[in-house]
Amino acid sequence: MHIYNIKKDFPILDRKIGEKSLIYLDNAATTQKPLQVLNAMEDYNKKFNGNPHRGAHYLSVMATEVYEGARDKVRNFIGAKKSKEIIFTKNATEALNLIAFSYGMNFIDKEDEIVVLISEHHSNILPWQMIASAKGAVLKYIYLKEDGTLSLDEVKSKITNRTKLVSLAQMSNVLGVINPVKEVAQYAHSKGAVVVVDGAQSVPHMKVDVTDLDADFLVFSAHKMLGPMGIGVLYGKEEILDKMPPFLRGGDMIEYVTEQSSTFAELPFKFEAGTQNVEGAVGLSAAIDYINNIGMEEITKTEKEITAYALSRLAEVPYVTIYGPTSTEQKGGIISFNIEGVHPHDVSSIVDAYGVAIRAGHHCAQPLMKYLNIPASCRASFYFYNTKEEIDKFIESIEGVRKWLGYGTA
Ligand code: C6P
């Protein structure tokens, strides 16, 4: 399928904000859902809703079938070898916490090192702070080059023989930088560390293959890739997941339960306690179908074109500072910027009056904000359904900000 007329699949993108057509540029926060995803979830609820893995009746069997079908679709989508390496979670954050509580608490010890990037999202910092403090480990940061990209020399200077775990985003949610995860994983493995890849911003936008990357873990959320909120994914290599204890305990994750002790189910069920989000899995599965139908290469290409166009148009606007790379070579569809003299929250409110939705604030990356020496930024983030016409309207709204505040026409 070629990306034209795609907007007809997304009813929300047709709505007005006041008098203005919506221009949705907050895709790094969450994406919108096509009819194909909405319909798949509705259809499931109308025809097949049941509690999977628990009953022999038709609806329970059907729920099991669609849930396990979704797991296999995810496996294929990220190039994992086995379906049992795919664990459904609530979101990327829960997946990172699962790794910290289950792997970190059991395999990281006093004076061991955990290494992350300074650009990480809080969800990829706080779990490691918790492990560092609980186990007496050391949390180290890799700092960035001037343009926000990674230096492999800096990576090599921070990952040592004491490093037990390296966790990094494949794409920064603030700077849009695409990090060389494969090279980092190779080096980390040579030092004996496991590698966690936060794919929250990369998996929706580029081909990610865990086998090619040799990632030990990968996490992401469905709601940033056309799917619903409330379901995410943890991929882990079987041999590592096998030795990890359960994170949550209760129904459906057991083998036998006696009064005083229990044994646990095999992968992946060991990590899926309680009734799961089957409707969410159905939505995620439909989202993957939708993405595959367009083709990930086409999605990446379209977003690169839009981002390059937005970068060039934004660079023409006086008083705008862009953070991170200003070319799309190592960058996805995320642009952070500030307008001199105007707080990002004011920028966001003013452009909202033009129907333009962007995010303003620290983007759950306060250590990065401190590193960049700014309190906050504006952020425009794109998906394949955005168009150059929308970028033009976005730029028009940005040009209006200082005028609106009485700075004159400059
Ligand atoms: N970033 C943003 O606007 P959850 O909330 O669990 O679905 O995703 C967490 C998360 C983890 N890693 C990265 C790189 C992320 O960008 C996010 C979510 C959103 O930037 C919401 S703060």
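Figure 1. An oxygen atom of the ligand is placed 2.7 Å from an N or O atom in the side chain of Ser-221, in a model that is predicted. An oxygen atom of the ligand also lies 2.8 Å from an N or O atom in the side chain of Asn-173, while a nitrogen atom of the ligand has a polar side-chain atom of Lys-224 at 3.0 Å. Of the 510 Å² of accessible area that the ligand has on its own, the protein covers 89%.

**Figure 2. The shell of residues around the ligand.** The ligand is surrounded by 17 residues, and the closest of these are Thr-93, Asp-198, Gln-201, Ser-221 and Arg-359. Sorted by kind, the residues of this shell comprise five nonpolar, eight polar and four charged. Because domain 1 (3-26 + 295-404) and domain 2 (48-292) both contribute residues to the shell, the ligand lies between them.

Figure 3. The domain assignment divides the chain into domain 1, which is made of the segments 3-26 and 295-404, and domain 2, which spans 48-292. Where the two domains meet, 31 residues from domain 1 and 31 residues from domain 2 take part in the contact. The C-alpha centres of domain 1 and domain 2 are 28 Å apart.

**Figure 4. Glu-113 in strand β5.** Glu-113 belongs to strand β5, which covers residues 113-117, and with a relative accessible area of 10% Glu-113 is buried, because the cut-off for this class is under 20%. The side chain of Glu-113 makes a polar contact with the side chain of Lys-140, at a distance of 3.2 Å. Not counting residues up to four places away in sequence, Glu-113 touches several residues, among them Val-138, Lys-140, Lys-158 and Arg-162.

Figure 5. Glu-111 sits in the loop between α3 (92-107) and β5, and its relative accessibility of 43% makes it partly exposed. Leaving aside neighbours within four places in sequence, Glu-111 is in contact with Gly-136, Ala-137 and Arg-162. From Glu-111 to Asn-5, the separation is 106 residues in sequence and 56 Å in space, C-alpha to C-alpha.

**Figure 6. Ala-308 in helix α10.** Ala-308 is part of helix α10, which runs over residues 296-315, and at a relative accessible area of 36% Ala-308 is partly exposed. The C-alpha atom of Ala-308 is separated by 8.7 Å from that of Gly-333, a residue 25 residues apart from Ala-308 along the chain.

Figure 7. Most residues other than glycine have a negative phi, and most peptide bonds are trans. The peptide bond that joins Leu-267 and Pro-268 is cis, with omega about -5°, and Pro-268 is located in the loop between β12 (262-264) and α9 (278-294). Leu-226, a residue other than glycine, has a positive phi near 80°; Leu-226 lies in the loop between β9 (217-221) and β10 (232-236) and counts as buried at 0% relative accessibility. His-363 is not a glycine, yet its phi is positive, at about 55°. The loop between β16 (359-361) and α12 (366-372) holds His-363, which counts as buried, with a relative accessibility of 0%.

Note on methods: Residues are numbered from 1 along each chain as its sequence is written. This is a predicted model: local features need pLDDT of at least 70, side-chain atom pairs count only at pLDDT 80 or more; totals for chains, interfaces and linings use all residues. Side-chain values use heavy atoms; hydrogens and water are left out. A residue is near a molecule or strand if one of its heavy atoms lies within 4 Å of it. A polar contact is a pair of N or O atoms within 3.5 Å; within protein, one must be able to donate a hydrogen and the other to accept it, and residues adjacent in sequence count only if both atoms are side-chain atoms. Accessible areas come from the Shrake-Rupley method with a 1.4 Å probe; for residues, only the protein chains shown count as cover. Ala, Val, Leu, Ile, Met, Phe, Trp, Tyr, Cys and Pro count as nonpolar, Asp, Glu, Lys and Arg as charged, and the others, Gly among them, as polar. Domain bounds come from an automatic or database domain assignment. Helices (H or I, at least four residues) and strands (E, at least two) are DSSP runs, numbered from the N terminus. Buried means under 20% relative accessible area, exposed over 50%, partly exposed in between (1.4 Å probe, protein chains only). Contact means heavy atoms within 4.5 Å.
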